[in-house]
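Please examine the structure shown below.

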Amino acid sequence: ILESLTEGVLAVDAARTVLLANGRLKEMFDLRAPAVGRSLHETFRAPEVRAAVEAALGGEASVRPITLDVRGADGRYTPKHFDLAAAPLAAAAATPGAVLVFHDVTALRRLETVRREFVANVSHELRTPLTLVRGHLETLLDEGALDDRALVESSLGVMHKHSLRLGALVDDLLTISRLEHGRGGLEPGRVLLGEAAARVLERLEPALREKGADGEVDIAPAGLAVRADPHRLDQVLFNLLDNALRHGVAGTAPRVRIEARREEDWVRLTVADNGPGIPASDQAHVWERFYRVHKDRSRDAGGTGLGLSIVKHIALAHGGRAGLESELGHGARFHVWLPAAEEAEVRNET
């Protein structure tokens with residue numbers, strides 16, 4: 001029974017000698033030498049563990065959160081969080097002592113940290129447009145302000161812009177929530193990538209014009225198709241292209257490029273740009289919600305900060321994945337792998 005537990009169990013006698021250590025405890029703390037028969041100090045040097053044992057030997061049962069540096073398989077030490085329960089052995093036990101149960105709550109603590117950071121980020125993102133809207137409303141409420149047509153038009157324009165941003169932020173938050181909880185309502189079917197690319201480029205035509213950028217398409221073969229939800233596929237392309245236009249075009253000939261290639265049972269969809277590139281230290285984080293590579297100017301570029309996170313979640317919902325290649329000064333290539341449409345499906349529809 002003890003060997004089957006997911007918690008680590010340790011028992012010591014009154015002399016602080018280890019009587020029992022189950023297999024899970026050995027895995028948790030990478031105990032390479034046998035623990036039974038050794039002193040508690042040899043097995044655990046952490047004062048929090050020894051304090052829990054002393055309290056239990058004194059007849060006091062307790063549950064306390066502790067953080068220990070634990071050696072991993074690669075030899076590196078990383079902090080892990082545990083709920084440590086300690087209690088004296090029952091009076092009927094042949095040997096007086098104490099029993100400790102280690103419950104690893106590292107993943108739970110990490111999720112709590114992510115939740116707190118997410119709430120803080122959402123609050124910050126909502127506060128900025130709300131503050132601007134409130135400021136312009138207060139300006140318009142000043143005596144005589146409504147008689148100044150230029151001021152009224154300017155204030156209304158700013159409020160309209162930031163109300164749209166608030167709406168987009170709420171929509172993106174709801175999209176991520178649905179995808180994370182498996183309520184994305186996917187309706188996969190055979191979708192021609194060429195047609196999807198054309199639809200999205202048409203929607204982004206004003207932005208392309210504003211940037212003076214060329215939108216190129218390279219899909220081979222021309223009839224390449226994926227099995228995906230058409231609406232979600234359009235979201236993937238739109239968010240990747242929108243991100244490229246906001247942050248990834250530079251020079252005298254800005255351009256974004258959509259590419260697609262078949263890779264066995266998958267199609268690799270790529271959106272490439274010729275922008276400044278993304279530092280290696282940031283590349284692992286760009287798919288996180290609200291992460292900004294250029295924190296000093298990315299908010300001014302617009303967007304909700306959720307586009308790439310939505311792309312990753314849509315890819316995962318289809319059983320695929322997302323990736324990035326980038327080198328400073330040489331642009332970025334964002335990849336999404338989606339299931340290829342089966343040949344039998346293509347023949348049937350034909």
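Predicted model: local features only at pLDDT ≥ 70, side-chain atom pairs only at ≥ 80, totals over all residues.

Q: Why are helix 6 and helix 8 called oblique to each other?
A: Helix 6 (residues 193-203) and helix 8 (residues 230-247) pack at an angle of about 50°. Angles under 35 degrees count as roughly parallel, 65 to 115 as roughly perpendicular and over 145 as roughly antiparallel, with the rest as oblique. The angle of about 50° falls in the rest, and the two helices are therefore oblique to each other. Their axes are 9 Å apart, and helix 6 passes helix 8 in a right-handed crossing.

Q: Which residues of helix 6 and helix 8 make the contact?
A: Helix 6 contributes Leu193, Ala196, Ala197, Arg199, Val200, Leu201 and Arg203, while helix 8 contributes Leu233, Asp234, Leu237, Phe238 and Leu241.

Q: What makes helix 4 roughly antiparallel to helix 5?
A: Helix 4 (residues 106-141) and helix 5 (residues 149-180) pack at an angle of about 160°, with their axes 9 Å apart. An angle over 145 degrees counts as roughly antiparallel, so helix 4 is described in that way relative to helix 5. Helix 4 passes helix 5 in a left-handed crossing. The residues of this contact comprise 17 nonpolar, 5 polar and 2 charged.

Q: How many aromatic pairs does the structure hold?
A: The structure holds 6 aromatic pairs.

Q: Why is the pair of phenylalanine 29 and phenylalanine 102 called edge-to-face?
A: The ring centres of phenylalanine 29 and phenylalanine 102 are 5.2 Å apart, with 75° between the planes. Rings pair if their centres lie within 6.5 Å, and planes over 60 degrees apart count as edge-to-face. Phenylalanine 29 lies in the loop between helix 1 (23-28) and helix 2 (40-43), and phenylalanine 102 lies in strand 5 (residues 97-104), 73 residues apart. Both of these residues are buried.

Q: What makes phenylalanine 82 and phenylalanine 102 an edge-to-face pair?
A: Their rings are 6.2 Å centre to centre, with 90° between the planes. Since pairing requires centres within 6.5 Å and edge-to-face requires over 60 degrees, the description holds. The pair links strand 4 (residues 77-88), which holds phenylalanine 82, with strand 5, which holds phenylalanine 102.

Q: Which residues form one aromatic cluster?
A: The cluster is formed by Phe29, Phe44, Phe82 and Phe102.

Definitions and conventions:
Residues numbered from 1 in each chain as written. Heavy atoms only, no water. Axes fitted to C-alpha atoms, helices over the stretch in contact; angles between N-to-C directions. Helix = DSSP H or I, 4+ residues; strand = E, 2+ residues; numbered from the N terminus. Left-handed = near helix turned anticlockwise from the far one by under 90°. Contact = heavy atoms within 4.5 Å. Phe/Tyr/Trp six-rings, centres within 6.5 Å; stacked < 30°, edge-to-face > 60°. Buried < 20%, exposed > 50% of the residue type's maximum accessible area, 1.4 Å probe, protein only. Nonpolar A, V, L, I, M, F, W, Y, C, P; charged D, E, K, R; others polar.
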